[in-house]
Amino acid sequence: MLARFLLPVLVFLSLAGTAGAQVGADLNISPKRVVFGPGERTATVYIFNQGDQQATYSVELVDRIMLADGQIVAASDHADMTVASASDLVQYTPRRITLQPRESQAIRVRARPGDGGEHRTHLTVTALPSETAGFTVEQAAQPGADEVAVQVVALFSVSIPVIVRDSAADARATIENVAVRREEGGQLVSLDLLRQGANSVYGDLEIRAGSTPDAPLVAAVRGIAVYPEIERRTVVTALPATLTAGQAVTLVYRDDDANPGEILATATLVAP
């Protein structure tokens with residue numbers, strides 16, 4: 001009779017760069033991103049245990065890249081793409097944190113200048129499994145022939161970008177390839193957001209019911225970035241049901257980085 005094998009499997013569930021980022025119901029991190037401009041060398045990031053039990057978190061720097069559809073993935077998984085890493089420029093403390101329910105902790109982040117341009121890494125906080133998350137002694141002792149028991153332990157993590165710039169941001173953009181398509185439940189508008197400057201762009205996409213950028217706001221998508229490793233990314237969002245056929249719609253991409261509120265790009269279409 002073969003021994004019963006007990007295999008705990010760790011599954012990583014990660015979110016990167018979300019506003020007021022939250023994973024599950026328990027782990028929350030703020031702010032949504034950290035940017036060190038010229039002469040700026042210190043910042044504070046807060047993590048919150050919003051759960052009802054004590055939790056332990058690991059903190060690390062992970063280089064990540066953006067794909068053309070906006071996904072943020074580990075750079076190690078895409079050897080064909082490169083990112084100007086800030087991992088050697090950034091220091092932080094602490095690296096492991098235990099929080100009681102409803103407790104918060106500050107992470108101190110420091111940066112030194114790079115060799116010019118823009119560098120980026122991602123501060124990643126992972127909620128570690130509790131000491132009781134594995135198999136108990138009683139479970140391990142249960143008999144079984146030719147059996148493999150698998151227990152899935154999910155490790156939730158959240159990442160925020162940490163950007164180091166050695167000069168004023170060169171952030172410019174345009175909107176291209178605007179199209180509208182109908183799907184079940186409504187209509188979608190898709191567009192390509194094209195980065196034209198040397199740095200990343202980060203801002204909000206506004207949908208306005210009219211032919212000018214100051215027309216009434218009917219919807220918005222917050223926190224859309226295009227990082228330097230790609231020139232463009234595709235954005236898809238729902239068109240509000242309040243728009244009528246033949247109505248002019250203006251798409252406005254507004255900066256929320258170096259010059260908050262500045263219009264970086266606009267495009268106009270007619271609602272079908």
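Serine 190 lies in strand 15, which spans residues 186-195. This is a predicted model. Serine 190 is buried, whereas arginine 95 is exposed.

**Serine 190**
- The relative accessible area of serine 190 is 13%. Serine 190 counts as buried because this value falls under the 20% cut-off.

**Arginine 95**
- Arginine 95 sits in the loop between strand 9 (90-93) and strand 10 (96-99).
- Its relative accessible area is 54%. Arginine 95 is therefore classed as exposed, the cut-off being over 50%.
- Setting aside neighbours within four places in sequence, arginine 95 is in contact with Tyr57, Ser58 and Val59.
- Valine 125 is 30 residues from arginine 95 in sequence. From C-alpha to C-alpha, the two are 9.1 Å apart in space.

**Nonpolar cores**
- The largest nonpolar core has 34 residues. Those with the most contacts inside it are Ile175, Leu191, Leu193, Leu205, Val249, Leu251 and Tyr253.
- At least two residues of this core come from each of strand 7 (64-66), strand 14 (173-183), strand 15, strand 16 (201-209), strand 17 (217-226), strand 19 (248-255) and strand 20 (263-270).
- Strand 16 gives the most to this core, supplying 5 residues.
- In soluble globular proteins, nonpolar side chains tend to be buried together.

Technical notes. Residues numbered from 1 in each chain as written. Predicted model: local features only at pLDDT ≥ 70, side-chain atom pairs only at ≥ 80, totals over all residues. Heavy atoms only, no water. Helix = DSSP H or I, 4+ residues; strand = E, 2+ residues; numbered from the N terminus. Buried < 20%, exposed > 50% of the residue type's maximum accessible area, 1.4 Å probe, protein only. Contact = heavy atoms within 4.5 Å. Core = buried A, V, L, I, M, F, W, Y, C linked by side-chain atoms within 4.5 Å.
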